[in-house]
Amino acid sequence: MDRIVVTGNGQLNGQIPIAGAKNACLTLMPATLLSEEPLTLTNAPRLSDIATMSALLRSLGTEITSMQGGKVLAMSSHGIDNHKADYEIVRKMRASILVLGPMLAREGHAVVSLPGGCAIGARPVDLHLRAMEALGAEMDLRDGYVHATAKGGLKGGIVDFPIVSVGATENALLAAVLAKGTSVIRNAAREPEIVDLVHCLRRMGAQIEGEGTSEITIQGVDRLGGATHPVVADRIELGTYMLAPAICGGEVELLGGRMDLVGAFCEKLDAAGITVRESENGITVSRHNGRTQAVDVTTEPFPGFPTDLQAQMMALLCTAEGTSVLEEKIFENRFMHAPELQRMGASIDVHGGTARVTGVEKLKGAPVMATDLRASVSLILAGLAAEGETIVNRVYHLDRGYEHVEDKLSAVGAKIERIHEA
Ligand code: EPZ
């Protein structure tokens with residue numbers, strides 16, 4: 001299993017290009033199932049999760065041609081010859097559930113494995129199933145699979161979510177576009193990945209209004225055409241790399257970064273004493289002198305502070321002046337990076353969904369264990385400013401969501417290398 005070795009090496013300076021968003025690409029790819037015509041995604045990220053989604057779609061009958069080193073995905077689902085999303089693929093990646101809506105909408109039936117447990121929380125899919133039922137489908141849970149049918153096709157309906165769910169909103173959208181009549185999604189998620197999905201579906205001929213708000217209205221159509229769509233920039237990768245100069249000092253420009261994708265996050269960086277400004281090609285982040293200041297953070301659905309940047313923000317606050325309170329409101333078990341940061345000398349007190357972080361002068365490198373995708377990169381960020389060497393184990397987590405992390409960070413002066421082990 002690969003490991004990554006990071007050695008504290010002072011300030012960072014230079015430019016880092018931001019890739020297309022993993023969490024947008026994972027909901028855009030299943031849209032190919034909605035049409036017999038080709039759907040091409042450009043600016044796609046090269047990640048193991050994208051490879052998993054490709055394997056899943058291929059298992060259903062989609063043809064996928066990857067071009068330009070994986071940045072362009074040309075997909076065609078003119079014939080779906082298998083309606084079962086198998087456990088062996090779904091267990092690797094929860095986002096696999098996003099084939100349920102489009103398969104039901106196009107074919108009237110689908111069998112999809114339940115995703116099972118996850119390190120950061122229980123993560124049930126009940127809201128996805130309820131959304132399909134609100135559009136007239138019947139759900140039968142059997143042998144670890146959802147057996148879904150929509151005799152005569154899906155019908156427009158009201159999908160009223162009790163809590164905001166990104167995935168369930170995406171699945172409801174991917175289903176409602178071909179349902180007969182009008183559907184309304186209430187308490188919908190407002191994430192930029194949802195807005196990007198709607199823009200792509202509109203290019204395919206869908207009729208949708210209200211993306212980016214809590215109420216989305218869809219007028220079902222009989223069929224959808226093909227399209228070419230650029231994947232939106234990855235705001236979580238962006239936020240992650242914005243924290244590198246914040247933690248180490250220096251100045252880094254994030255090429256392709258957009259302020260509107262990271263508003264709440266930038267407010268917290270500003271409060272911590274980090275300079276963030278728009279630049280010609282993106283966003284520039286700098287910290288030249290003085291310690292970071294403690295700030296309190298609560299994770300919320302967009303446009304609030306993203307839970308996917310909580311671990312990375314904790315790494316910054318480990319050396320801030322004062323005590324910060326982080327509240328994780330989205331997932332019930334998303335502080336597993338805290339004991340690993342404590343191994344590096346951080347002072348963190350976790351009680352349930354609240355972590356109190358009292359800043360120390362300097363962290364010290366140590367061998368640590370990655371437990372999930374965002375936790376793994378928070379350990380790398382902490383290692384960039386720590387004294388000595390940090391060895392991050394189980395980096396397969398990292399490869400799910402970050403392409404070429406060593407190259408991108410060493411390009412701005414970080415001392416980081418990957419150790420390949422059989
Ligand atoms: C998406 O997950 C992202 N994943 C997650 O990013 C992200 O953390 C999350 O949204 C929140 O922003 C992808 O887009 C592939 P939710 P998703 O449904 O859709 C509960 C990363 O690091 N819930 O918005 O699964 C759920 O348990 C990943 O890239 C139900 O109870 O998240 C959670 O507490 C990690 N029933 C809350 O809602 C359901 O049917 C929000 O989850 C669905 C969700």
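## Terms

Helices, of at least four residues, and strands, of at least two, are DSSP runs numbered from the N terminus. The model described here is predicted.

## Second largest pocket

The second largest pocket has a volume of about 290 Å³. Its lining is made up of 19 residues, and those closest to the centre of the pocket are Ile247, Cys248, Arg287, Lys362 and Ala385. Two or more lining residues come from each of helix H8 (235–248) and helix H12 (373–385). H8 supplies the largest share of this lining, with three residues.

By residue class, the lining of the second largest pocket holds eight nonpolar, seven polar and four charged residues.

## Strand S23 and its partners

Strand S1 (residues 3–7) pairs with strand S23 (residues 389–393) in the antiparallel sense, over four bridges. Within this pairing, valine 6 is set opposite threonine 390 of S23.

Strand S22 (residues 367–369) runs parallel to S23, and three bridges join them. Proline 367 has isoleucine 391 in S23 as its bridge partner.

## The unit around H12

Which elements make a right-handed β-α-β unit? They are S22, H12 and S23. The helix of this unit, H12, is also one of the elements that give two or more residues to the lining of the second largest pocket. The strand S23 belongs to the unit and pairs in the antiparallel sense with S1.

Technical notes
Residues numbered from 1 in each chain as written. Predicted model: local features only at pLDDT ≥ 70, side-chain atom pairs only at ≥ 80, totals over all residues. Heavy atoms only, no water. 1 Å grid on protein atoms, 1.4 Å probe; cavity = no way out; pocket = protein on both sides within 12 Å on 5 of 7 lines; lining within 4 Å. Points joined across faces, edges and corners; volume = space filled by probe spheres on them. Nonpolar A, V, L, I, M, F, W, Y, C, P; charged D, E, K, R; others polar. Pairing = 2+ DSSP bridges. Right-handed = clockwise from strand over helix to strand, strands pointing away.
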